[in-house]
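Please look over the sequence and the structure shown here.

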Amino acid sequence: MLNENRVGPAASFSYKTAEGVVVMDSSGKVLFANSYIEELLGFSDGEMKGKFCFETCPGHDLSGNRYCFANCSVLEMARRDELVQNFDIQLVNRKGKKLWLNVTTLLENDSSCPVGSNIVHIFRQTASPVALENYFKQNIKDWVDTSLKDQEMIQLTQKGNRWVGIAKKFYLSPREIEVFQNLVQGHGTLEIAEILHLSPTTVRTHVQRILKKLHVHSMLEAVALVLGERPAA
């Protein structure tokens with residue numbers, strides 16, 4: 001059911017959405033938060049208003065580094081009227097529950113005065129990297145093995161120039177290609193870390209970058225994309 005939350009003149013947001021919404025000023029102070037995000041973060045109705053965003057949403061990046069803080073990079077970009085790409089964070093809410101969130105940032109369409117403009121964050125829950133990895137290990141290998149029974153698919157994946165083409169098309173780095181190749185072969189994070197002499201955290205970071213560059217949300221979709229197939233629903 002949609003959350004029908006409307007904002008007054010101080011923070012105009014006259015849309016309805018099923019996702020979490022936070023409107024803040026250019027200092028990061030919350031002007032409005034809808035009921036969905038307040039409940040998700042463990043606040044009572046209206047409690048987030050007047051607090052700073054980083055106080056209500058103490059986000060860390062997927063490697064565990066602090067992402068949300070006073071005058072964070074997102075706020076700095078917004079003040080310069082620069083578009084902010086969507087990003088993923090993890091946090092523990094006030095009830096002790098660990099969450100993984102994807103965040104989209106909207107800026108008021110008034111470049112004449114960006115410093116005084118409001119900033120809108122749209123929050124949506126995502127699966128944890130660990131859950132994605134487990135899903136991949138349980139499902140992707142069987143699906144890839146089935147796909148590779150097709151002789152044409154085998155020829156495509158065995159040719160080195162296939163991976164060169166993928167790297168050029170999606171701007172993957174040599175290291176990201178190595179990680180991706182191992183993922184396609186069914187190796188998990190710990191195995192890849194050992195094979196490539198990397199830390200598991202570094203491997204997870206590469207996986208997140210691969211997903212972002214391919215504009216997909218899971219490794220199942222990523223492999224389907226580069227192999228030209230659609231995974232079974």
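Among contacts in the chain between residues at least 6 apart in sequence, 50% join residues at least 24 apart; a contact means heavy atoms within 4.5 Å. This is a predicted model, in which local features need pLDDT of at least 70 and side-chain atom pairs count only at pLDDT 80 or more, while totals for chains, interfaces and linings use all residues. Residues are numbered from 1 along each chain as its sequence is written, and side-chain values use heavy atoms, with hydrogens and water left out.

The chain holds 10 helices and five strands. Helices (H or I, at least four residues) and strands (E, at least two) are DSSP runs, numbered from the N terminus. Of the 233 residues, 41% are buried, where buried means under 20% relative accessible area, exposed over 50%, and partly exposed in between, with a 1.4 Å probe and protein chains only.

The predictor's confidence in each residue is given as pLDDT, from 0 to 100. The average pLDDT of the chain is 79, and 73% of the residues score at least 70. Over residues 1-10 pLDDT stays under 50, and the model has 23 contacts there beyond four places in sequence. Residues 229-233 also have pLDDT under 50, with nine contacts beyond four places in sequence.

Consider next helix H9, residues 200-214. The expected span of a helix is 1.5 Å times one less than its number of residues. For the 15 residues of H9 that gives 21 Å, which agrees with the 21 Å between its end C-alpha atoms. Buried residues in H9 include Val203, His206, Val207 and Ile210.

Two packed helices are described by the angle between their axes and the distance between the axes. Here axes are lines fitted to C-alpha atoms, for helices over the stretch in contact, and angles run from 0 to 180 degrees between N-to-C directions. The axes of H7 (residues 174-184) and H9 come within 10 Å and cross at roughly 95°. H7 is therefore roughly perpendicular to H9, a term for angles of 65 to 115 degrees. On the H7 side the contact is made by Arg175, Glu176, Val179, Phe180 and Leu183, and among the H9 residues in it are Val203, Val207 and Leu214. The residues of this contact divide into seven nonpolar, one polar and four charged. Ala, Val, Leu, Ile, Met, Phe, Trp, Tyr, Cys and Pro count as nonpolar, Asp, Glu, Lys and Arg as charged, and the others, Gly among them, as polar.

H8 also packs against H9, at an angle of about 105° and with the axes 8 Å apart. That angle makes H8 roughly perpendicular to H9. Thr189, Leu190, Ile192 and Ala193 of H8 meet Pro200, Val203 and Arg204 of H9. By class, this contact has five nonpolar, one polar and one charged residues.

Phi of His197 is positive, near 60°, in a residue other than glycine. His215, which is not a glycine, has a positive phi of about 60°. His197 counts as exposed because its relative accessibility is 71%; His215 is exposed, with a relative accessible area of 71%.

Leaving out residues up to four places away in sequence, Ala167 touches Leu172 and Ile177. Ala167 and Ile177 are 10 residues apart in sequence, and their C-alpha atoms are 6.8 Å apart in space.

Terms used. Angles under 35 degrees count as roughly parallel, over 145 as roughly antiparallel, 65 to 115 as roughly perpendicular and the rest as oblique.
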